[in-house]
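Here is a short briefing for a first look.

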Amino acid sequence: MENSGRFDLIIIGAGAMGSSAAYQAAKRGQKTLLLEQFDFLHHRGSSHGESRTIRATYPEPYYSPMVIESEKLWREAESEIGYNVFFKTEQIDLGPADNSSLLAVVANCKKHSINHRILNRHQSNSRFSISIPEDWIAVVTELGGVLKPTKAVAMFQTLAIKHGAVLKDKTEIVDVEMDECRSGVLVSSRLGEKFWGRKCIVTAGAWMCKLVEKVGDRGMVLPIQPVETTVFYWKIKGEEVDFSIGAGFPSFASYGEPYIYGTPALEFPDLIKITVHGGRECDPDKRTWGAAVAGTEGMTMAIGCLKEWIRSTFGERIDWEDGPVMSQSCLYSMTPDEDYIIDFLGGKFNEYVMVAGGFSGHGFKMAPVVGRILVDLASGGKAAAVQLNEEIKHFKLGRFEGNPRGNAKGFEDQVRLR
Ligand SMILES: Cc1cc2nc3c(=O)[nH]c(=O)nc-3n(C[C@H](O)[C@H](O)[C@H](O)COP(=O)(O)OP(=O)(O)OC[C@H]3O[C@@H](n4cnc5c(N)ncnc54)[C@H](O)[C@@H]3O)c2cc1C
């Protein structure tokens, strides 16, 4: 077996979270190794593609401060690399005036002093040309916009290399063991390479459960369910510029049934992304890439809901009648409460191995702050003084002990499985 080096920190999984953590660690002078099973910037996980939305409007009070911090860190990384991955615009959250999630969003805006305006049907129409039903409201906040995922992950990886990290792709990790003698962990690849690390962070996305089941204490199963989701693009019939960030068009979410979200037009000419926050359970190694569900009841229903929503919200300015013109497949990693898992793995690994996963379809915007938190925790252990400590208490594994549902919520789930 080849011995391939000693590191302060080994990170397994080079999606948004692992790449951001590698950048943060290397920037602090830690000897860092980032390992990826496929090619870097591959399209088989969760962090590829043309757009992710950023918004501070969460019904849970603990996410908004993280987004606000993340915005600063996105800008810091951008200024270091010299190009933009974050295109800011307003965020608009639409929904019935009595919707419990939307009411919780408004309460959190007040709690965290997030500037917000509540528009009625008439105001939403005249400001954004977005039509909502009579009994709906529109909550407008300043922090919204689009992140470019593939470009952003490439940015983190480039910056990590610039600060001295070692990055290695096509390296599937199949084992992680404690090295009691030297107080560290030994990480092994399928091809027989071995890497030694003082600490290890696992950011394996939809493969998290499989990897932890293999290397963790006997019977350890993390409550993370891979879900295949399909993103839809629709043809703009009106003026594309009206749907652009330059014209003040917002990123948006609709808290109806189902939850629908989208981005301004900036990815493909004359197309706009409008899609349902949902999907179907899958094995990340046996993807159907959408084909097996193309004509199923679930997919037909999702497209039907989207058509109706687009017709009533944008009218004839978007071609809803002919259906979406393009789709893309991607993976969510769902936890039962849709909250992240960021914690020490515990058991035989005690504080040597950390896991960060279960980002439940809403993690991308947080990649900078999650990377920083992971490196703080890996450096300082359980007693580390970590910024946002109050917030990340909600992401501990212990919440599932004797309580498979996890954190209790006073509002409905957002992601729909079909
Ligand atoms: C369609 C879609 C839309 C989304 N929209 C938004 C949005 O608008 N806003 C938002 O904030 N978030 C959004 N998200 C969620 C966000 O993209 C994810 O939460 C985030 O990308 C998760 O990153 P990750 O690093 O945890 O996972 P991944 O990107 O999947 O990275 C995990 C990596 O680990 C590697 N790996 C796994 N096992 C091993 C192993 N054994 N050895 C080596 N490498 C391994 C994988 O190959 C993979 O590259 C969306 C997600 C999807 C799919």
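Which element gives the most to the shell around the ligand? Strand β16 does, with three residues. Keep in mind that this is a predicted model.

**The shell around the ligand**

- The ligand is surrounded by 36 residues. The closest are Glu36, His42, Ser47, Thr53 and Cys330.
- By class, the shell holds 17 nonpolar residues, 15 polar ones and four charged ones.

**Polar contacts and cover**

- Arg52 uses its side chain: an N or O atom there is 2.8 Å from an oxygen atom of the ligand.
- Phe364 uses its backbone instead, with an N or O atom 3.0 Å from a ligand oxygen.
- Thr203 also contributes a backbone N or O atom, at 3.4 Å from an oxygen atom of the ligand.
- How much of the ligand does the protein bury? On its own the ligand exposes 1,000 Å², and the protein buries 97% of that.

**Cysteines**

- How many disulfides does a search of the whole structure find? The count is zero.
- Is Cys109 buried or exposed? Cys109 has 1% relative accessibility; buried means under 20%, so Cys109 counts as buried.
- Cys305 has 28% relative accessibility. That value falls between the 20% and 50% cut-offs, so Cys305 counts as partly exposed.

**Strand β4 and its partners**

- Strand β4 covers residues 86–96. Eight of its 11 residues are buried, so the rest of the structure largely encloses β4.
- Which way does β4 pair with β6, parallel or antiparallel? The pairing is antiparallel and runs over 10 bridges, with β6 spanning residues 136–147.
- Within this pairing, look for Phe87: its bridge partner in β6 is Val146.
- β4 also pairs with strand β12, residues 251–254. Here the sense is parallel, over four bridges.
- To find this pairing in the model, look for Asp93, whose bridge partner in β12 is Ala253.

**To take away**

- β4 pairs with β6 in the antiparallel sense and with β12 in the parallel sense.

Technical notes:
Residues numbered from 1 in each chain as written. Predicted model: local features only at pLDDT ≥ 70, side-chain atom pairs only at ≥ 80, totals over all residues. Heavy atoms only, no water. Near = heavy atom within 4 Å. Polar contact = N/O pair within 3.5 Å; in protein donor to acceptor, adjacent residues only side chain to side chain. Areas by Shrake-Rupley, 256 points an atom, 1.4 Å probe, with all protein chains shown as cover. Helix = DSSP H or I, 4+ residues; strand = E, 2+ residues; numbered from the N terminus. Nonpolar A, V, L, I, M, F, W, Y, C, P; charged D, E, K, R; others polar. Disulfide = S-S within 2.5 Å. Buried < 20%, exposed > 50% of the residue type's maximum accessible area, 1.4 Å probe, protein only. Pairing = 2+ DSSP bridges.
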